[in-house]
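Please look through the sequence and the model below before reading on. The report that follows goes from the whole chain to its parts.

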Amino acid sequence: MHTIKPPSRSFGTSIRPSSLLRPSQAVKLKLVSVTQVRARSMEPGMSNGVTSVGKATNIRWHDCQIRKIDRQNLLQQKGCVIWITGLSGSGKSTLACALSQELHYRGHMTYVLDGDNLRHGLNSDLTFKAEDRAENIRRVGEVAKLFADAGVICIACLISPYRMERDACRSLLPDSTFVEVFLDCPLEICEARDPKGLYKLARAGKIKGFTGIDDPYEPPLNCEIVIKPKNGDCPSPQTMTEQVASYLQQNGFLHA
């Protein structure tokens, strides 16, 4: 494996202002219902007539002659979504960038969807209120789905603390092409790192609803990959990258 220099941004974090609240069950149920309907209604070939999806009316799905399988054959890989989840400071962005770099060196097309980066553009209109946090995850899931359909290995790294929201994104992807990676890094290690000083602010009460402090993180129950510390030390970016890349190789994602 090529030697990987970790990017200057060491660990994935998300700023959680005082207005942050845990999404309500109603918001979560709304997210699931919309994504489930969309997955059914917008699947290519499922409907040739005018239909409605969510708030959109009088729309029709248009099929193109070039399909996902054609794009995968061109790229010589299988499109998928690598969804990296974990506490702030667990190393999500570090792994995402290191994995993208390694796969690029091997000749594979990847794209990283970083939670913080997306709030600079696509999701810059969203706050950290309950409904906006749910919409943030929904949008990332939909964009990741498009990348996977294009035949790209899409690497999404977000805290995404709630199972229901992650499962809603999984439901968008067919045929086991959603690979959930859980960075099972203990809170004490993440808080000791605290690259942005957010844990310190949360402990001081200056940030409310911060995941791991006064808002819960729901660990995955059946994720594809779990990365844990060994002997109290978190794996290096190279070690984490090798674990994920090996899974992709063994499960046929790195060839058409």
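The chain exposes about 12700 Å² of surface, and carbon and sulfur atoms supply 53% of it; such accessible areas come from the Shrake-Rupley method with a 1.4 Å probe, and for residues only the protein chains shown count as cover. This is a predicted model, in which local features need pLDDT of at least 70 and side-chain atom pairs count only at pLDDT 80 or more, while totals for chains, interfaces and linings use all residues. Residues are numbered from 1 along each chain as its sequence is written, and side-chain values use heavy atoms, with hydrogens and water left out.

The predictor's confidence in each residue is given as pLDDT, on a scale from 0 to 100. Its mean over the chain is 85, and 81% of the residues reach 70 or more. Over residues 4-47, however, pLDDT stays under 50, although the model has 112 contacts beyond four places in sequence for this stretch, a contact being heavy atoms within 4.5 Å. Where pLDDT is low, the predicted coordinates should not be read in detail.

Of the 256 residues in the chain, 46% are buried, where buried means under 20% relative accessible area, exposed means over 50%, and partly exposed lies in between (1.4 Å probe, protein chains only). The secondary structure comes to 9 helices and 7 strands; these are DSSP runs numbered from the N terminus, with helices (H or I) of at least four residues and strands (E) of at least two. Among contacts between residues at least 6 apart in sequence, 77% join residues at least 24 apart.

**The nonpolar cores**

A nonpolar core is a set of buried Ala, Val, Leu, Ile, Met, Phe, Trp, Tyr and Cys residues joined through side-chain atoms within 4.5 Å. The largest one here has 21 residues, and those with the most contacts inside it are I82, I84, L95, V181, I227, V244 and L248. At least two residues of this core come from each of β3 (80-85), α3 (92-105), β5 (153-157), β6 (178-183), β7 (225-227) and α9 (237-250). Apart from it lies another core, of 15 residues, which includes I137, A148, C169 and L172.

What does I84 touch, not counting residues up to four places away in sequence? Its partners are K92, L95, A96, I155, A156, C157, L158, V181 and L183. L158 itself is found in the loop between β5 and α6, and it counts as buried because its relative accessible area is 5%. With the same exclusion of residues up to four places away in sequence, L158 touches W83, I84, T85, G86, K92, L113, G115, N136, I137 and V140. The C-alpha atoms of L158 and T85 are separated by 5.6 Å, although these residues are 73 residues apart along the chain.

In helix α3 sits S100, which counts as buried because its relative accessibility is 16%. Leaving aside neighbours within four places in sequence, S100 is in contact with T110, V112 and I155.

Strands β1 (residues 51-53) and β2 (residues 56-59) run antiparallel and are joined by 2 bridges; two strands pair if DSSP finds at least two bridges between them. V53 stands opposite A56 in β2, and in this hairpin, which has 2 residues between the strands, G54 takes a positive phi near 60°.

| Residue | Phi | Place |

Q76 is partly exposed because its relative accessibility is 46%, whereas S160 is buried, with a relative accessible area of 3%.

**Cysteines and an exposed loop residue**

How many disulfides does the count come to? The count is 0, where a disulfide is a pair of cysteine sulfur atoms within 2.5 Å. C154 is thus in no disulfide, and the nearest cysteine sulfur, that of C80, is 8.5 Å away. C154 counts as buried because its relative accessibility is 0%, and C223 is buried at 17%.

D175 lies in the loop between α6 (163-170) and β6, and D175 is exposed because its relative accessible area is 70%. The C-alpha atoms of D175 and C80 are separated by 9.7 Å, with the two residues 95 residues apart along the chain.
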